Amino acid sequence: MRAWKRVVKVGIGLAFGGTLVVLLCNWWVVSSTRSQIYFDVQRLPANDVGLVLGTSRFVKGGKENLFFRYRMEATARLWKEGKVKYLILSGNNDSEYYNEPEDMEKALLKLGVPSDVMIPDYAGYRTFDSILRCKDVFKQHHITIISQNFHNARALYIGNHEGINAVAFAAQDVPDGYSLRTLIREYMARPLAMLDVHWLRPQPEMGNRKL
């Protein structure tokens, strides 16, 4: 019985410690990048290149993903306002049936952005990959990251530790789009990003082949 109580206490302690670490990591990622995120187009510094982070065009059930829609609308607006000249569309293309960069390009064409300013990045499987490939494959060190606010903090944190001079523009948010699963995923993704940056150092693909 004593051994069982000891196991329970250890389990509770580990759970508490793990939760505290996750919360502290989230606090640091958000607080250390807050000054780099812009919500007002007029105050956003201009850069030659915008890095658009990918997401699926549709959600489960085939409904429109408003995160995608608002992200594309923000991107088109920044280009039309002269805040960016060229766009790297970085997303997942893990099969011939799923291609985020291509979906982004089609959406932006409909919004009036010409094809000759868009560069697809077909191997942006994760945010970490998108940021590193922007620097190592596309040779860009001064960029504007375009995504929703919650995502921008993680992307900026990675960029800050990879020698990239970046700001970010927060696309319109989707308050009703935040399920518990989405929130948990982002809360866990930030500590994992810190692990990638400081310890794991995974290497992204160096090519740019469309599947």
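Residues are numbered from 1 along each chain as its sequence is written. In this predicted model, local features need pLDDT of at least 70 and side-chain atom pairs count only at pLDDT 80 or more, while totals for chains, interfaces and linings use all residues, and side-chain values use heavy atoms, with hydrogens and water left out.

**Strand S2**

Helices (H or I, at least four residues) and strands (E, at least two) are DSSP runs, numbered from the N terminus. Buried means under 20% relative accessible area, exposed over 50%, and partly exposed in between (1.4 Å probe, protein chains only).

Val49, Leu51 and Leu53 point one way. Gly50 and Val52 point the other way.

Two strands pair if DSSP finds at least two bridges between them. S2 pairs with strand S3 (residues 86–90) in the parallel sense, over 5 bridges. Here leucine 51 has isoleucine 88 as its bridge partner. Between S2 and S3 the chain passes through helix H2 (residues 66–80), and this β-α-β crossover is right-handed. Right-handed means that, with the strands pointing away from the viewer, the path from the first strand over the helix to the second runs clockwise. S2 also runs parallel to strand S5 (residues 142–148), joined by 4 bridges. In S5, leucine 51 is partnered by isoleucine 145.

**Salt bridges**

Side chains of opposite charge can pair when their charged atoms come close. A salt bridge is a side-chain nitrogen of Lys or Arg within 4 Å of a carboxyl oxygen of Asp or Glu. By this rule the model has 11 salt bridges. Among them are these:

| Pair | N to O distance |
|---|---|
| Arginine 69 – glutamate 73 | 3.2 Å |
| Arginine 126 – aspartate 196 | 2.9 Å |
| Lysine 135 – glutamate 162 | 3.7 Å |

Arginine 69 and glutamate 73 both sit in helix H2, 4 residues apart, about one turn of the helix. Arginine 69 is partly exposed at 36% relative accessible area. Glutamate 73 is partly exposed at 33%. Glu64 joins Arg69 and Glu73 in a network of salt bridges.

Aspartate 196 and arginine 126 meet in a salt bridge. This pair links distant parts of the chain, 70 residues apart: aspartate 196 lies in helix H6 (residues 180–200), arginine 126 in the loop between strand S4 (118–121) and helix H4 (127–136). Aspartate 196 is buried, at 7% relative accessibility. Arginine 126 is partly exposed, at 38%.

Glutamate 162 and lysine 135 are both buried.
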